[in-house]
Amino acid sequence: MPPLFTGAILAGGSSVRMGRDKAFLPFGGKTLLETQVERLQQLGCDDLVISGRPGVDYRQHLARVVCDEVPGLGPLGGLAAVLDAARHPWVLVVAVDLPCLTVPWLSALLDRGADGRGVVPRSPRGHEPLAALYPRSALSRVHLALSRRELSLQTLVDGLIAAGLVRTMELGEADMSALLNWNRPGDV
């Protein structure tokens with residue numbers, strides 16, 4: 001496990017398909033945002049960053065809130081914001097709308113980063129970049145992608161792999177349930 005890491009929650013999406021802010025959806029007696037904060041804290045995170053939308057109150061204990069430098073660029077804009085704000089060389093990124101992530105699943109992801117590279121899970125769907133461990137050193141490549149308006153996280157991750165900054169963690173069927181996300185009211 002990387003010794004020091006920043007925990008980052010991507011919560012800045014517009015939640016158009018859901019019809020309301022996903023960060024504040026109830027889950028197990030808490031909100032999705034509170035659930036993700038607790039998970040990161042249980043992993044020993046001492047630097048917590050929430051990528052959110054301007055004007056939304058994301059107050060959480062010990063969390064800093066950052067907004068995308070240029071709004072409307074999707075998860076890549078949020079990734080740039082949290083990597084830029086991170087105080088540690090490693091950033092464990094989780095999307096707010098992944099309610100089935102578990103502390104052991106995230107801990108296994110952190111453990112895979114022990115070789116000095118970040119880790120992005122890979123499933124039959126492709127890379128799963130919204131529950132991943134990134135080195136802060138990937139920030140320059142993220143900014144380059146943003147400047148070119150190359151907003152695909154799949155393409156970004158391919159470039160990070162080619163540069164030796166991250167490696168993949170192949171997921172089995174049992175791992176896939178952790179990545180179930182809530183996009184529409186019927187998903188809840």
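This is a predicted model: local features need pLDDT of at least 70, side-chain atom pairs count only at pLDDT 80 or more; totals for chains, interfaces and linings use all residues.
At 58% relative accessibility, R87 counts as exposed, where exposed means over 50% relative accessible area, buried under 20%, and partly exposed in between (1.4 Å probe, protein chains only). Residues are numbered from 1 along each chain as its sequence is written, and side-chain values use heavy atoms, with hydrogens and water left out.

The side chain of R87 meets that of D47 in a salt bridge, at 3.7 Å from N to O; a salt bridge here is a side-chain nitrogen of Lys or Arg within 4 Å of a carboxyl oxygen of Asp or Glu. The pair links distant parts of the chain, with R87 in the loop between α2 and β6 (90-95) and D47 in strand β4, 40 residues apart. Helices (H or I, at least four residues) and strands (E, at least two) are DSSP runs, numbered from the N terminus. D47 itself is buried, with a relative accessible area of 1%.

D47 has a further partner in R64, and their side chains form a salt bridge at 2.6 Å, again N to O. R64 lies in strand β5 (residues 63-67) and D47 in strand β4 (residues 47-52), so this pair ties together parts that are 17 residues apart in sequence. With 22% relative accessibility, R64 counts as partly exposed. Taken together, D47, R64 and R87 are linked in a network of salt bridges.

A search of the whole structure finds four salt bridges. One of them joins the side chains of R125 and E128, at 2.9 Å from N to O. R125 counts as exposed at 56% relative accessibility, whereas E128, at 12%, counts as buried.

Attention now turns to the helices. In helix α4 (residues 139-147), the buried residues are L139, V142, A145 and L146. Seen down the axis of α4, these residues fall within an arc of 120 degrees, so they line one face of the helix; the arc is that of the directions from the helix axis to the C-beta atoms. Such a pattern can be read against helix geometry: an α-helix has 3.6 residues a turn, so residues three or four places apart point the same way. On the other side of α4, S140 and S147 are exposed. The buried residues of α4 pack against α2 (74-85) and α5 (153-162), with contact meaning heavy atoms within 4.5 Å. Just after α4, R149 takes a positive phi of about 60 degrees.

Helix α5 also holds G159, which counts as partly exposed at 28% relative accessibility. The C-alpha atoms of G159 and V142 are separated by 9.9 Å, the two residues being 17 residues apart along the chain.

For the chain as a whole, there are six helices and ten strands. Of its 188 residues, 51% are buried. Among contacts between residues at least 6 apart in sequence, 72% join residues at least 24 apart. The chain exposes about 8,600 Å², of which carbon and sulfur atoms supply 53%; accessible areas come from the Shrake-Rupley method with a 1.4 Å probe, and for residues, only the protein chains shown count as cover.
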